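Biologist: I would like to learn how to read an interface and a sheet. Please take me through both.

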Amino acid sequence: MAGTGCKIKLESVSKSFDDKIGRTAVLDEISLNVYENEFLVILGPGQCGKTVLLNIIADMEQADSGTITFDPQSSGQTGFVFQRYALFNWKNVLKNVELPLKFKGAEKEQRQNTAMKYIEMVGLKGFEKAYPSQLSGGMKQRVGIARAYASGNDIILMDEPFGALDAQTRYQMQDELLKIRSKEKKTIVFVTNNIEEAIYMGDRILLLSNKPSKVVKEYVPDLERPRKNTSSQFMELRDEITANMDLAL
Amino acid sequence: MSKVKKIDVYYILSILSVLLLLAVWWAASAVNESLASPGQTVERFFRLIENPIMGKPVSVHILASMRRILVAFFAASVAGVGLGVCFGIFPTFRRMFWPVFSILRPVPPLAWIPIVILWFGVIGDTSKYIIIFIGIIMAIVINTYASISETDPLFLKAAKTLGANRWQTLVHVTLPNSIPAIFAGMKTGLSTGWMSVVAAEMIAAKEGIGFLINMSMKTTPDTALDFVGIVLVALCSSLVSFVLSVIERKLCPWLELDVK
Ligand SMILES: Nc1ncnc2c1ncn2[C@@H]1O[C@H](COP(=O)(O)OP(=O)(O)O)[C@@H](O)[C@H]1O
Ligand SMILES: [Mg+2]
């Protein structure tokens, strides 16, 4: 796989859960590639299995069958950005962002320098000493992104990272993330249930069906950045995806 | 501005409620003359300073009780958090010892007094420390364990994606997340602790506030002396609780912040 530019390769990944009602199939033979430094959007209706899929990639859950292969040059570790931020309330911004480095045993000075670099990158300079409870939702997610970058992993998984934000903040954060991404190249897998967000952000979009979910279609928006959601091409693509996307169950 | 006013109102309300308590006490003592009034209690306190019981000044009694509660509290906090953590993170340990703990937990600490005295004697503080320790530790174990086992799975997931091992997860995530619950357990433990201090001193001590209270029953009933003891326990326990909340605030600066 080395040299193909393919960071992660999923082949026929399936996953079901046993519960009281019986067996629920969630992922049905999902195959996909994630390429180096691309911004891959995984778009699907609510409850279709997007989080389960990311969990499997992040080695937080095991697939029932299928294989996941990482580019041998990659550590196989992934940074994760959560919809509900998952910041540690008892640590200030700097300590939160430093944490992945601390877990690796990095020296204090190196930890602080790296953390400060990413805090600046997400536009939170001056807020190092603030606690999460003092921050707005958008600022919390900036910390979440800085923390994932500070982990040093070249792949970052984002699970509906802007899903808890109000519309205005959401647009702002979308631009912010695109800006961050232009400053430091990472391979990003970005999960959303929002079609416009998918088109606005993605180099490539994979559309999932309702569960048991499969990859229904792939879109590569041929739109110049910054994309405008009022342009006719944007709206055409939006209508096309809307027509192909299942409604959430 | 409005915030300052609000604090003032609460402050006045607190003072009013203490005054109300004193008024009820005073009224009860007026109706029943065998009950000492607040004034008689203050007077009794000064008489106690002039004529110490068995030659021991009041300060000796206060310090004896304070020393017992503080030593036992410190030991019970360390042991209680340790046990709670073990119950929280070692399933095998929990399966083995949780039943034992659950059986012993509801036993009032005072029920152990005869055995403890038989083993450790009346002289010296060991027996008192043990009784008070038992009184304090239960709530701390329960709260620590409950809080650790109910840690939001999202935090654990985040710790894992950040590369934490088990020990790092405990130190940086699970334990700090549990600090408020642990302090709540300590506060509950302290009130049982004071109960145990007084009871243990009433039964087996030559000094301490509980000893003073016990002396109030020795000859003719001396309710004023009993009230002196009650007020001293109330003041000492308020002082300890106050210091504990100051420590908690210092340890948990994030809890005091205004939520945006
Ligand atoms: N641990 C679990 N146990 C049982 N069912 C689960 C579990 N995790 C997920 N599921 C099922 O998988 C489905 C998809 O969940 P999820 O991946 O969270 O959806 P979403 O696409 O909204 O992120 C849910 O409807 C749920 O029924
Ligand atoms: Mg989800």
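Biologist: How many salt bridges does the rule find across the interface of chain B and chain A?

Modeller: First, the ground rules. This is a predicted model, where local features need pLDDT of at least 70, side-chain atom pairs count only at pLDDT 80 or more, and totals for chains, interfaces and linings use all residues. Residues are numbered from 1 along each chain as its sequence is written, chains are lettered from A and ligands numbered from 1 in the order in which they are written, and side-chain values use heavy atoms, with hydrogens and water left out. Now the rule: a salt bridge puts a side-chain nitrogen of Lys or Arg within 4 Å of a carboxyl oxygen of Asp or Glu. Across the interface of chain B and chain A, the rule finds one.

Biologist: Which side chains meet in that salt bridge?

Modeller: Arg84(A) and Asp152(B), at 4.0 Å from N to O.

Biologist: How many residue pairs are in polar contact across the interface?

Modeller: A polar contact is a pair of N or O atoms within 3.5 Å; within protein, one must be able to donate a hydrogen and the other to accept it, and residues adjacent in sequence count only if both atoms are side-chain atoms. Five residue pairs qualify between chain B and chain A, with both residues at pLDDT 80 or more.

Biologist: Which helices of chain B supply at least two residues each to the side that touches chain A?

Modeller: Helices (H or I, at least four residues) and strands (E, at least two) are DSSP runs, numbered from the N terminus. Here, α7 (153–161) and α8 (166–203) of chain B each supply at least two. The largest share, seven residues, comes from α7(B). Chain B as a whole has 10 helices and zero strands.

Biologist: What area do chain B and chain A bury between them?

Modeller: The size of an interface is often given as the accessible area lost when the parts come together. Buried area is that loss with a 1.4 Å probe, summed over both parts. Chain B and chain A bury about 2200 Å², 68% of it on carbon and sulfur atoms. Lys157(B), Leu162(B) and His172(B) supply 30% of the area that chain B buries against chain A, more than any other three residues. As for contact (heavy atoms within 4.5 Å), 22 residues of chain B touch 22 residues of chain A.

Biologist: Now the sheets. In what order do the six strands of chain A run?

Modeller: Strands of a sheet pair through backbone hydrogen bonds, either parallel or antiparallel. Two strands pair if DSSP finds at least two bridges between them. The six strands form an open sheet, β5-β6-β7-β3-β8-β9, with mixed pairing. β5 (79–81) and β9 (215–219) of chain A each have a single partner strand, so one side of each is left without a neighbour in the sheet. β5(A) pairs with β6(A) (residues 155–159) in the parallel sense, over three bridges. Gly79(A) stands opposite Ile156(A).

Biologist: Which helix lies across β3, β8 and β9 of chain A?

Modeller: Angles run from 0 to 180 degrees between N-to-C directions; axes are lines fitted to C-alpha atoms, for helices over the stretch in contact. The helix is α7(A) (residues 232–244), running at about 175° to β9(A).

Biologist: What order has the open sheet of three strands?

Modeller: β2-β1-β4 of chain A, with antiparallel pairing. The edge strands are β2 (22–35) and β4 (65–70) of chain A. β1(A) (residues 6–19) and β2(A) pair over 10 bridges. Among the partners are Lys15(A) and Leu27(A), the latter in β2(A). Helix α1(A) (residues 50–57) packs on this sheet, its direction at about 120° to that of β1(A).

Conventions: Buried area is the accessible area (1.4 Å probe) that two parts lose on being put together, summed over both.
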